[in-house]
Amino acid sequence: MTQRLTTRGLVKRYGSTVALDGIDLDVEDGAILAVLGPSGCGKTTLLRLIAGFLVPDEGTVSIDGVVVADKHRSVPTRRRDIGLVPQEGALFPHLDVAANIAFGLSRHERSGPRITDLMDLLELPRDLAHRRPAELSGGQQQRVAVARALAPNPRVLLLDEPFSSLDAALRSSTGRSVVNAIRASKATAVLVTHDQDEALSLADKVGVMDRGQLVQADTPNAVYAQPASPFVASFVGEGSLLTSSIRRERGVAYATCSFGELPLANDIPGDTALVFLRPEQVVVRPDPTGEALVSSVAFHGHDAMVRLVNEQSGEMLSARVDAPVMPPVGTRMAVQLRGSALAFPQA
Ligand code: ADP
């Protein structure tokens, strides 16, 4: 697969703040990459460098193998063939939907079917064509913003937290139709988000950032199942990190933590480790002789996340339980661990 967008050694500083600290990124032609990370990790700065709104202090941005930015020169945004969907859509308030979508098109293209095709692609009813942005819902506005950005067939589409102002239900339906539209347009996209569900469910590849560095870039499944560090493990999905000792028996390594013992998915040198457990690996049942107490319960409808505290070690563990049997706070529980645990060296 050819790389459509590449960055190498990208560094950006604001005074003494290192916002980006050597980013190497590859986005294949036609792929959707989600850049995921906590607030302040450098996501927006990365997007702005790719867009050409900022110039790197070091490193390069290349599109189709051609360098468009380094510290000496920067191809202007309008000549990078990039589409941008900002956080709040930023539609032109005085133009109707059709005119907003048509904004980047030539006179000839505007008279063809392109605008209605894009409206269909983004599941925007055609009778919205002559409404102004203020007469649309938040989700519809974001769909129009995506249609406008896709209209000129950009080589790369950049989306900056495009669904963050929408409520949860709207966020997932808008996200799905936007991704379908991006795929149908065969565009290559970079989606910046701090929402792990959005990143895991919408993208082909997830790049996780932490304090200016890209700490892992892989498929959603690999980032969830084989996180590269305790930070990625805890940031992507739910889970618990526990101190453990390691024992080895007939070539198999086992971790023993205060909640029990289980085999390691990866052996590491030494006889102690931090092991990471997903909530679905933890089976709990009320038991008056159990070692753990329920410290909090978060109800999610289909299931509940139960936080347990081990009375002896004081360590916390998250378990997912079916909602109908939610235990009240303070219930004493027995814990069983299943599957295998990922081990990380203790810091
Ligand atoms: P994110 O998008 O992940 O929230 P940003 O790229 O906005 O992160 O910011 C990365 C870091 O750079 C943060 O520490 C932020 O405070 C800092 N930063 C961003 N923009 C500026 C600026 N214009 N001036 C000074 N510091 C900035």
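The backbone oxygen of S340 lies 2.8 Å from a polar atom of the side chain of Q281, a polar contact being a pair of N or O atoms within 3.5 Å, of which, within protein, one must be able to donate a hydrogen and the other to accept it, with residues adjacent in sequence counted only if both atoms are side-chain atoms. The model is a predicted one, in which local features need pLDDT of at least 70 and side-chain atom pairs count only at pLDDT 80 or more, whereas totals for chains, interfaces and linings use all residues. Residues are numbered from 1 along each chain as its sequence is written, and side-chain values use heavy atoms, with hydrogens and water left out.

Q281 is found in the loop between β14 (272-277) and β15, where helices (H or I, at least four residues) and strands (E, at least two) are DSSP runs numbered from the N terminus. With a relative accessible area of 13%, Q281 is buried; buried means under 20% relative accessible area, exposed over 50%, and partly exposed in between, for a 1.4 Å probe and protein chains only. Apart from its neighbours within four places in sequence, Q281 is in contact (heavy atoms within 4.5 Å) with L262, F276, Q336, L337, R338, G339, S340 and A341.

β15 and β19 (residues 332-337) pair in the antiparallel sense over 5 bridges, two strands being taken to pair if DSSP finds at least two bridges between them. Both strands are part of an open sheet of 5 strands with antiparallel pairing, in the order β15-β19-β16-β17-β18. The edge strands, each pairing on one side only, are β15 (282-286) and β18 (316-322). From one strand to the next the twist averages 40 degrees, with axes taken as lines fitted to C-alpha atoms, for helices over the stretch in contact, and angles running from 0 to 180 degrees between N-to-C directions.

The chain as a whole has 9 helices and 20 strands, and its C-alpha trace spans about 75 × 50 × 40 Å along the principal axes. Of the 347 residues in the chain, 48% are buried. Among contacts between residues at least 6 apart in sequence, 65% join residues at least 24 apart.

In soluble globular proteins, nonpolar side chains tend to be buried together. In this model the largest nonpolar core has 45 residues, and those with the most contacts inside it are I101, M119, L157, L159 and I182; such a core is a set of buried Ala, Val, Leu, Ile, Met, Phe, Trp, Tyr and Cys residues joined through side-chain atoms within 4.5 Å. Helix α5 (residues 138-150) supplies the largest share of this core, 6 residues. When residues up to four places away in sequence are not counted, L159 touches L47, V85, V146, V178, I182, A189, V190, L191 and V192.

L47 is one of the buried residues of α1, together with K43, T45, L46, L49, I50 and A51. Helix α1 (residues 43-51) is accordingly mostly covered, with 7 of its 9 residues buried. The residues around the ligand are Y14, T17, A19, P38, S39, G40, C41, G42, K43, T44 and T45, each with a heavy atom within 4 Å of the ligand. A polar side-chain atom of T44 lies 2.5 Å from an oxygen atom of the ligand. Polar backbone atoms also take part, that of C41 at 3.2 Å from a ligand oxygen atom and that of G42 at 3.1 Å from a ligand oxygen atom.

Several backbone angles deserve a separate description. Most residues other than glycine have a negative phi, and most peptide bonds are trans. E123, although not a glycine, has a positive phi of about 55 degrees; E123 is placed in the loop between α4 (114-121) and α5 and is exposed, with a relative accessible area of 54%. R250, likewise not a glycine, has a positive phi of about 45 degrees and is found in the loop between β11 (240-249) and β12 (252-257), where R250 counts as exposed at 77% relative accessibility. In the hairpin of β4 and β5, which has 2 residues between the strands, D64 takes a positive phi near 50 degrees. Strands β4 (residues 58-63) and β5 (residues 66-69) run antiparallel and are joined by 3 bridges, with I63 opposite V66 in β5. A glycine, G52, follows α1 and has a positive phi near 95 degrees.
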